[in-house]
Amino acid sequence: MSEPRTLSCAHLLADPRGAAAGPTRLTLRDGRIEALLAAQGPVDDLFVMPTPVNAHDHGRPVRTSSIGAGGKPLEAWIPYLALFPSVDPYLAAALSLSHSALGGAGVVMMHYTRAQGFTDLPGEVREVARAARDVGVRVGFAVAMKDRNPLVYGPSASVLGGIAEPARSRLERQFLRPSLEPKAFIELADAVAEAAGGPDFDVQYGPNGPQWCSDALLEAVAEASARTGRRVHMHLLESRYQRTWADEAHPGGIVRHLDALGLLSERLTLAHCVWARPDELALLAERGVTIVSNPSSNLHLRSGIGPVAQMRVRGCRVAFGVDGRAMDEDDDMLREIRLAHLLHLGTGFKAAVTQNAILEMALVNGRRSVLNGADGGRLAPGEPADLLVLDWARLEDDRLRDDLDAVELVVTRATARHIRELIVGGRTIVRDGVITGIDMRAVRAELLAQMRAGMAGMADLAAALPSLEAAMAAHFEPGCC
């Protein structure tokens, strides 16, 4: 057994569904909480809470505005991601996960939609898992899968036909590539799990979304999940154009169609659901599906505001994710919690979604969907020692009353700059703005050097993308642009 560590704090939020306790001493040992006792005498000026969960992300190490993808709708934004040059997968994962940790998230979902491709995927993901261990975060890892509709929700010829050469040929080379068969996708995901999976790195099936996956692929995923117990992580109804496609392709309802394929279960997580309807939410709730709402990302990508209050009314389990597009592109999970609270609080005197409900979504609900386990999300003896430690003196530096609600103050004003420590499994992985497990500055410098060297080979693609964006605008909004 390791030596115990004792923390003393002015305020402790043991359960996101309740109120904060006053002065408390926590004892941590062997990665878990050993004891919580009311403190006698002086304590440190700290606020301690369970670590937030970033329940939907993609592991991008560099902000997408750095490649000119800012301010675009989802469908135009996705092709711009191809401008990121391939880099060392360890460096990419280490920098991305460091950003998450500095933003307060000790548990992160990585839907791996862009492999670097220097080696086979199981070998690459071993490097991603090594980076996760070095940074110290717990990770859910979904192996991306898609086998249709690489550009729009239908034949690619509808947008490529009007694009002049040489742009058209360059776009075809980039995006029109053969995909694996469903059986091969499942075997690949299982091989990744064998190579890199573990208690703190949960490998999952990651079909990108029904508009990008054939029914044969989705059925194969549903069968494999039922057989192996592995979770499934997928996008659904993120944009209004996806809503239109779903209604045209499945007049009986896209959610009912997914249910008929066997996908809806407690093992399924759906990102976004911005355009889901009340009856669809009710069915998702009935099947025990987790929904991850991504407030900042949905605003950045012009997708809308997810109906979180309606999700709650219908009984859905809801979590939150940054999706690589936090409000300031800085992975600040504390600011994301506040944005979610403000967007879904409602109007007038009656709160549509309460402060405690938002905290439950951000701190508790995502853990099961990311880690495929039920422990954590609250601070009690025997629970994992996954703690976020905030500088209470800085948070309350202008307080004028002694009876203020400490939790309300955190939700109202806390950001990443207030983080003193992030502790995961009893290990301090962030201290005073520094990642303790890696030299983040050196990692970032090397990764940016690799990316900048690779950008020269992307000049022809960068030149072709505006033509594709214009063709997409005409496709999705005829006569608009």
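# A chat about contacts, cores and salt bridges

Trainee: Which residues is asparagine 298 in contact with, leaving aside its neighbours within four places in sequence?

Mentor: Asparagine 298 is in contact with Glu238, His272, Val274, Ser303, Gly304 and Gly306. Contact means heavy atoms within 4.5 Å. Bear in mind that this is a predicted model: local features need pLDDT of at least 70, side-chain atom pairs count only at pLDDT 80 or more, and totals for chains, interfaces and linings use all residues. Residues are numbered from 1 along each chain as its sequence is written, and side-chain values use heavy atoms, with hydrogens and water left out.

Trainee: Where does asparagine 298 sit?

Mentor: In helix 11. Helices (H or I, at least four residues) and strands (E, at least two) are DSSP runs, numbered from the N terminus.

Trainee: Buried or exposed, asparagine 298?

Mentor: Asparagine 298 counts as buried because its relative accessibility is 1%. The cut-offs are under 20% relative accessible area for buried, over 50% for exposed, and partly exposed in between (1.4 Å probe, protein chains only).

Trainee: And isoleucine 305, where is that?

Mentor: Isoleucine 305 is in the loop between helix 11 (295-300) and helix 12 (308-313). Its relative accessible area is 47%, so isoleucine 305 is partly exposed.

Trainee: New topic. Which residues of the largest nonpolar core touch the most other members?

Mentor: Phe47, Phe141, Leu171, Phe201, Leu284, Leu390 and Leu468, out of 138 residues in that core. A nonpolar core is a set of buried Ala, Val, Leu, Ile, Met, Phe, Trp, Tyr and Cys residues joined through side-chain atoms within 4.5 Å.

Trainee: Why find nonpolar side chains buried together?

Mentor: In soluble globular proteins, they tend to be buried that way.

Trainee: What is phenylalanine 141 in contact with?

Mentor: Leaving aside neighbours within four places in sequence, phenylalanine 141 is in contact with Met109, Met110, Tyr112, Val125, Val128, Val192, Phe201, Asp202, Val203 and Gln204.

Trainee: On to helix 16. Which of its residues are buried?

Mentor: Helix 16 (residues 406-413) has Ala406, Val407, Leu409, Val410 and Val411 as its buried residues.

Trainee: What do the buried residues of helix 16 pack against?

Mentor: Strands and helices. The strands are strand 2 (11-12), strand 5 (46-50) and strand 14 (387-391). The helices are helix 13 (333-344), helix 14 (355-371) and helix 15 (392-395).

Trainee: Which residue caps the N-terminal end of helix 16?

Mentor: Aspartate 405 does: one of its side-chain oxygens lies 3.0 Å from the backbone nitrogen of valine 407.

Trainee: How many salt bridges does the structure hold?

Mentor: It holds 34. A salt bridge is a side-chain nitrogen of Lys or Arg within 4 Å of a carboxyl oxygen of Asp or Glu. One of them joins aspartate 200 to arginine 138, with the closest N and O atoms 2.6 Å apart.

Trainee: Where do aspartate 200 and arginine 138 lie?

Mentor: In distant parts of the chain, 62 residues apart. Aspartate 200 is in the loop between helix 6 (182-196) and strand 9 (201-207), while arginine 138 is in strand 8 (residues 138-145). Arginine 138 is buried because its relative accessible area is 12%. Aspartate 200 is partly exposed at 38% relative accessibility.

Trainee: What about arginine 335, which residue is its salt bridge with?

Mentor: Aspartate 332, the closest N and O atoms being 3.4 Å apart. Aspartate 332 counts as buried at 4% relative accessibility. Arginine 335 counts as partly exposed at 25%.

Trainee: Last one. Where is threonine 428?

Mentor: In strand 16 (residues 427-431). Threonine 428 is buried because its relative accessibility is 13%. Its side chain makes a polar contact of 2.5 Å with the side chain of glutamate 421. A polar contact is a pair of N or O atoms within 3.5 Å; within protein, one must be able to donate a hydrogen and the other to accept it, and residues adjacent in sequence count only if both atoms are side-chain atoms.
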